[in-house]
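Hi,

Here is the structure I promised to pass on. Have a look at it first, and my notes follow below.

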Amino acid sequence: MTMTISSAFDAGNIRVTNIDGDTANLEIVTDHMSDFYQWFHFRLAGAGGREVTLNITNCGGAAYPDGWPDYKACLSIDREDWTRIEKTTYKDGTLTITLVPETDCVWIAYFAPYSMERHHDLVSTLAALPGVEYRSLGKSLDGQDLDCLTIGEGDLTVWLYARQHPGESMAEWWMEGALEKLTDPADPHARSLRQKCRFHIVPNMNPDGSRRGHLRTNFAGVNLNREWDNPTADRSPEVLAVRNAMDESGVDWAMDVHGDEAIPAVFLAGFEGIPSLKDEQQARYLAFQSALAANTPDFQTALGYESSAPGKANLSMSTTQLAERFGAVSMTIEMPFKDNRDLPDPVAGWSPERSKLLAHACLATLDQML
């Protein structure tokens, strides 16, 4: 059979430049109205049982080229279980993926995708459960709903939100894990948290970029996590809708869920550079960080981003904006596209399952902190 490659589906992204026998040269397509690109997701058909070489030739100009060394592409034959392709190499701007597909139809992606169809399944399933309230906070530029689920009857207001950067699909796997835990009637941490807190949960803040196969931006080519100081209806209605809802409810604790291309670890980023930083606010953040490290070996504190200098925080980012705006204990949690350096898994690398378990650990830690 002749090998074919396609990406005309939910969250798909690749461009075929040429196919010669069992070798294909490919390019990642930029986000709409943007220069960002790094997310890929495509179907390889007609090559079962043969060794195939796939060259993604424009990786040197991607948004984060430091993400390619030591990276292994993801593979699935059923779009449910994903493993890593060991023969993934990066040299001179080209990511080369060599494999022998088990079947004549396999899927390859930068990370295990979280499709908008799965998102709708998640939202509809959770919205039908007792004790879960659903509302749409507004519409994206493509007209998709910004889904929000509210859980709990406590006095403390907690916001969890993910996928400002749509290519960071591990963030919505984390959300699936968080929602499963919070709605488990037998889970003691969940029962305790529902008594103490009122959770507002936005599983996907960038549905347009998610469906279109973007790495980092919405339909307008805007990085939503640089809009929180001045969101607008024509550029960033997603942020405007969520921030308006936060203004109505207030925010005591918040977690923004992301993935990092280059750093092979799970880590937190905080708000230490905000102008109004309070000692107690920072102490609670650091206490959560230490407790999370004690609760799961998948989290560490040695690797991460540089701290902002006093008074120099970028308030266009959600974590710093919420800490400054509300005095909240807010944080960004980052998961790797690669593997966890301290606890590697050669078969799956960092995975949807580990993302979900990390969410369980984060919520248990929050319960302990409160």
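Leaving aside residues up to four places away in sequence, Gln-368 touches His-189 and Asn-295, where contact means heavy atoms within 4.5 Å. Gln-368 sits in helix H8; helices (H or I, at least four residues) and strands (E, at least two) are DSSP runs, numbered from the N terminus. With a relative accessibility of 46%, Gln-368 counts as partly exposed. The cut-offs here are under 20% relative accessible area for buried, over 50% for exposed, and partly exposed in between (1.4 Å probe, protein chains only). Gln-368 and Gln-144 are 224 residues apart along the chain, and their C-alpha atoms are separated by 36 Å.

Before you go further: this is a predicted model, so local features need pLDDT of at least 70 and side-chain atom pairs count only at pLDDT 80 or more, while totals for chains, interfaces and linings use all residues. Residues are numbered from 1 along each chain as its sequence is written, and side-chain values use heavy atoms, with hydrogens and water left out.

Now for the helix pairs. Two packed helices are described by the angle between their axes and the distance between the axes. The axes are lines fitted to C-alpha atoms, for helices over the stretch in contact, and angles run from 0 to 180 degrees between N-to-C directions.

Helix H3 (residues 188-196) and helix H8 (residues 352-369) have axes that come within 9 Å and cross at roughly 55°. H3 and H8 are therefore oblique to each other: angles under 35 degrees count as roughly parallel, over 145 as roughly antiparallel, 65 to 115 as roughly perpendicular, and the rest as oblique. Their crossing is left-handed, meaning that the near helix is turned anticlockwise from the far one by less than a right angle; clockwise would be right-handed. On the H3 side you'll find His-189, Ser-192, Leu-193 and Lys-196, and these meet Leu-363, Ala-364, Leu-366, Asp-367 and Gln-368 in H8. Sorted by class, that contact of H3 with H8 has four nonpolar, three polar and two charged residues. For the classes, Ala, Val, Leu, Ile, Met, Phe, Trp, Tyr, Cys and Pro count as nonpolar, Asp, Glu, Lys and Arg as charged, and the others, Gly among them, as polar.

H8 has another partner in helix H2 (residues 170-182): H2 and H8 pack at an angle of about 50°, with their axes 7 Å apart. That makes H2 oblique to H8, and H2 passes H8 in a right-handed crossing. The residues of H2 in this contact include Met-170, Trp-173 and Trp-174, and those of H8 include Pro-352, Leu-358 and Leu-363. By class, the contact of H2 with H8 has 11 nonpolar, three polar and four charged residues.

Next, helix H6 (residues 279-295). At 1.5 Å a residue, its 17 residues should span 24 Å, and its end C-alpha atoms are 24 Å apart, which agrees. (The expected span is 1.5 Å times one less than the number of residues.) The buried residues of H6 are Gln-281, Gln-282, Tyr-285, Phe-288, Gln-289, Ala-291 and Leu-292. Among the elements covering them are strand E15 (253-260), helix H7 (318-326) and H8. Glu-280, also in H6, counts as exposed at 57% relative accessibility.

In H7, the buried residues are Ser-318, Thr-319, Thr-320, Gln-321, Leu-322 and Ala-323. Their cover includes strand E13 (156-162), helix H5 (237-249) and H6. Just after H7, Gly-327 takes a positive phi of about 70°.

So what about the loops? Phe-337 lies in the one between E17 and H8. Phe-337 is buried, with a relative accessible area of 0%. Phe-337 and Ile-14 are 323 residues apart in sequence and 18 Å apart in space, C-alpha to C-alpha.

Two other loop residues are worth a look. Asp-70, in the loop between strand E5 (52-56) and strand E6 (74-76), has a phi near 70°, a positive value in a residue other than glycine. At 70% relative accessibility, Asp-70 counts as exposed. Arg-79 lies in the loop between E6 and strand E7 (83-84), and its phi, near 65°, is again positive in a residue other than glycine. Arg-79 is exposed too, with a relative accessible area of 52%.

Cheers
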